[in-house]
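Biologist: Please put the model on the screen. I would like to go through its aromatic residues and its sheet.

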Amino acid sequence: MGLISEENKERGFETENKFREWLDKHNIPYLYLQQDTQTLSPAFKKYFSGKRPDFLILIPNLGFIFVDVKYKNINQDYKTYPIDSEETKNYSSIQRKFNLNIWYVISNESFDFKTWLWIPISKVFESGRPIFKSSKSQMDFYAVSPQEFIQIAIDDSLDRLLSKCFLDETKGVK
């Protein structure tokens with residue numbers, strides 16, 4: 001995995017803070033998962049390779065989802081969001097092995113952190129274009145179209161996400 005610049009770390013931290021504000025605004029229960037490696041058991045590190053989602057969101061009567069919050073801008077040439085393929089493959093493996101739900105949530109300052117784009121890890125595989133290599137970082141990415149994400153506005157709560165998931169799944173069912 002490539003090294004992350006200080007500027008990108010700061011952007012990521014800011015995005016996590018804005019997401020935490022959104023969760024608090026809507027009284028959504030969560031656990032923030034510190035990225036400090038001393039908080040992980042050696043066995044956990046083995047599965048998560050030292051990287052893990054940022055939040056564990058608790059959903060009453062349903063369970064929980066892991067959320068990895070990302071600062072991402074759309075690629076202007078391809079009109080897609082680049083999603084790290086190595087990280088996605090790792091999360092997918094963990095998701096299957098432990099029967100977890102892991103999602104990416106994306107925002108940035110062009111949205112003024114008032115719009116959150118949600119996508120489950122499994123959908124990145126289903127809808128992401130074939131892997132391509134970044135000319136900047138030399139890392140492999142999936143190119144995911146904005147239409148594949150569930151858009152949640154700052155005034156929306158998790159009910160929008162859950163209803164959108166349900167509606168999308170039942171569209172083809174008669």
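Biologist: How many aromatic pairs does a search of the whole structure find?
Modeller: Keep in mind that this is a predicted model. A pair of aromatic rings is described by the distance of the centres and the angle of the planes. Searching the whole structure gives 12 aromatic pairs.

Biologist: Which parts does the pair of Tyr91 and Tyr104 tie together?
Modeller: The centres of Tyr91 and Tyr104 are 6.0 Å apart and the planes make 55 degrees, a tilted pair. Tyr91 lies in helix H3 and Tyr104 in strand E5, so the pair ties together parts 13 residues apart in sequence. The parts are helix H3 and strand E5.

Biologist: Is Tyr104 buried or exposed?
Modeller: The cut-off for buried is under 20% relative accessible area. Tyr91, its partner in the aromatic pair, is at 0% and counts as buried. Tyr104 has 1% relative accessibility, so Tyr104 counts as buried.

Biologist: What kind of pair do the rings of Trp103 and Trp118 form?
Modeller: Trp103 is in strand E5 and Trp118 in strand E6, 15 residues apart, so the pair links distant parts of the chain. Both Trp103 and Trp118 are buried. Their ring centres are 6.1 Å apart and planes over 60 degrees apart count as edge-to-face. The planes here stand at 75 degrees, so the pair is edge-to-face.

Biologist: In which sense do strand E5 and strand E6 pair?
Modeller: Strand E5 covers residues 102–107 and strand E6 residues 115–120. Val105 stands opposite Trp118 in E6. Over four bridges, the two strands pair in the antiparallel sense.

Biologist: What is the order of the strands in the open sheet?
Modeller: The sheet has six strands with mixed pairing. Strand E1 (30–32) and strand E9 (150–153) are the edge strands, each pairing on one side only. Neighbouring strands are turned by 30 degrees against each other on average, direction ignored. The order is E1-E2-E3-E5-E6-E9.

Biologist: At about what angle to E3 does helix H1 run?
Modeller: Helix H1 (residues 6–25) lies across E1, E2, E3, E5, E6 and E9. Helix H3 (residues 85–98) also packs on the sheet, touching E3 and E5, and its direction makes about 145 degrees with that of E5. For helix H1 against E3, the angle is about 140 degrees.

Biologist: Which residue lies over the face of Tyr32?
Modeller: Tyr32 belongs to one aromatic cluster with Phe19, Trp22, Tyr30, Phe55, Trp103, Trp116 and Trp118. At 4.3 Å from the ring centre of Tyr32, the residue over the face is Arg20.

Notes
Residues numbered from 1 in each chain as written. Predicted model: local features only at pLDDT ≥ 70, side-chain atom pairs only at ≥ 80, totals over all residues. Heavy atoms only, no water. Pairing = 2+ DSSP bridges. Axes fitted to C-alpha atoms, helices over the stretch in contact; angles between N-to-C directions. Contact = heavy atoms within 4.5 Å. Phe/Tyr/Trp six-rings, centres within 6.5 Å; stacked < 30°, edge-to-face > 60°. Buried < 20%, exposed > 50% of the residue type's maximum accessible area, 1.4 Å probe, protein only. Lys NZ or Arg CZ within 6 Å of the ring centre and 35° of its normal.
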